[in-house]
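Visitor: I would like to learn how to read a few features of a model. Please show it first.

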Amino acid sequence: MADTKDHGIALPALVALVISSAIGAGIFDLPATLAQGATPGAAILAWVITGFGILMLALSLNNLVLNKPELTGVSDYARAGFGDFAGFISGWGYWLSAWLGNVAFATMLMSALGYFFPALKSGNSVPAIVLASLVSWALTLLVTRGIESAAAINTIVTITKLVPIFAFVVVAILSLKAGVFTAHFWQNMSTNVGGKLVFSSATGTGIADQIKNCVMAMMWVFVGIEGATMMAARAKKKSDAGKATIIGLISLLIIYMVVSILPYGYLSLQELQHVQHPALLYLFESMTGPIGGAFISIGLIISILGAWLSWTMLPVEATSLMAEQGLLPKWFGVLNKYRAPQHSLLLTQVLIQIFLITLLFTDEAYNFAYSLCTAAIVVCYVLVGAYQLKLGLQLKKLSVILPGLIAVVFEVTAIVFSGMQYLWLCTILYVLGFMLYVRARREVQQAISKTELMMMGVVIVLALGAIVALATGNLKI
Ligand SMILES: NC(=[NH2+])NCCC[C@H](N)C(=O)O
């Protein structure tokens, strides 16, 4: 295979792709999300750890893309490495994650609109849920009518989301009150490292707990990186793909760190914890005035709508592929006259609708939705890392083994310590998947193996446990 393609994507464009595909809604609330659980010192440490873990995942994906070009989509790696059932587990997780993330987008979009229309502010008031549902149905309808995201639209969306973020960074630097930042930062670092208390009772926990509090949010903002690294296969030069992944990820890490850490130098921790959502918007408003707030809010609205549209198309691509592979019933793959998988789109939208309604009953709608999204995608990420690890062991090559191994260890540790309850909730949605899987296997006349049955059994028991825990109030959402 030639190393250079004539029509491939050049390095700068690839880097931009990696960056813009991960930035959706998360960044716009990062300062408050992190301040709720950590002091700046702990947050920086958490960024370094998460950044490294995700980098290993990205490197694994990159290696797989280049060496297994015949495989498409994240779930294909799981299937190639560990069989059909693993492929199903990964694909279903990816699909769940995609639409659960859209629920988070919905709440964030409403909060952003709340800047202009206060009734929507909380993100999960009745008017907000009604409007979010309408937007969601509209996007689904557009995709059902065969709309494809045009390159021109993507460029506009990328610029409109990056400009406000950079404006925020510049203004935040100018607004830094050196005293606030340095005092808090070092004070926390030293007291934390000493294993004792931090300056605020609100985060009166040790450094390990503070890191734990950040990890889900930090992983959430990196979701989407897998799509961009897959695009790397279309690079002009093969070697550019790896470079783009690394440069893109490090740039992203820097942007996230700067955006989330600077505000610690503008407001005290207590104030930061109580900033309205989306935090970036209200921080910018307080730094520059109401026009500044409107500016960020419009950037945010466009960013979310753009990301939401692509995340409406992505999950049904996954289910179509699964239908083709006999992992889901053929019903999922049926295309309408616009070549869109309409059944799958409709089912996804109905589930989003149900979830949007349940948000009325949670206090932390946004946190709840993004944590579920992150937990679900961790399932796919672990399987990607595991496949990379398996290939590395076969090749006996440390440079292949290490990224896979570290990615697996990072993802598993992160979810065990930070998001177990969300993963547990996801098992309920897996039960729905199993019913479809069993049907699909019958369609392609494949028997379900004993191991598969056993694994399903375990998940079903866990799911029942989750339902009981929810009903008895032992599992809080
Ligand atoms: N709908 C989704 N599944 N979105 C996942 C991407 C989230 C993105 N990283 C963000 O920060 O907003």
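Visitor: Where does Gln445 lie?

Guide: This is a predicted model, in which local features need pLDDT of at least 70, side-chain atom pairs count only at pLDDT 80 or more, and totals for chains, interfaces and linings use all residues. Residues are numbered from 1 along each chain as its sequence is written, and side-chain values use heavy atoms, with hydrogens and water left out. Helices are DSSP runs of H or I with at least four residues, numbered from the N terminus. Gln445 lies in the loop between α18 (420-443) and α19 (450-471).

Visitor: What is the phi of Gln445?

Guide: Most residues other than glycine have a negative phi. Gln445 is not a glycine, yet has a positive phi of about 50 degrees. Lys396, in the loop between α16 (365-395) and α17 (398-418), has a positive phi of about 55 degrees and is not a glycine either.

Visitor: Is Lys396 buried or exposed?

Guide: Buried means under 20% relative accessible area, exposed over 50%, partly exposed in between (1.4 Å probe, protein chains only). Lys396 is exposed at 72% relative accessibility, and Gln445 is exposed with a relative accessible area of 72%.

Visitor: Which residues does a cis peptide bond join?

Guide: Most peptide bonds are trans. Here a cis bond joins His277 and Pro278, with omega about -15 degrees. Pro278 is in the loop between α12 (269-273) and α13 (279-288).

Visitor: How many disulfides does a search of the whole structure find?

Guide: A disulfide is a covalent bond between the sulfur atoms of two cysteines. The criterion is a pair of cysteine sulfur atoms within 2.5 Å, and the search finds 0. For Cys380 the closest cysteine sulfur, in Cys373, is 10.0 Å away, too far for a bond. The sulfur of Cys426 is 9.2 Å from its closest cysteine sulfur, also in Cys373, and that is too far as well. Cys380 is buried, with a relative accessible area of 1%.

Visitor: Which residues come nearest to the ligand?

Guide: A residue is near a molecule if one of its heavy atoms lies within 4 Å of it. Among the 14 residues around the ligand, the nearest are Ala22, Ala25, Asn102, Trp220 and Val223. A backbone N or O atom of Ala25 is 2.6 Å from a ligand oxygen atom. The ligand alone exposes 350 Å², and the protein buries 100% of that (Shrake-Rupley method, 1.4 Å probe).

Visitor: Which element gives the most to the shell around the ligand?

Guide: That is α5, with 5 residues.

Technical notes. Polar contact = N/O pair within 3.5 Å; in protein donor to acceptor, adjacent residues only side chain to side chain. Helix = DSSP H or I, 4+ residues; strand = E, 2+ residues; numbered from the N terminus.
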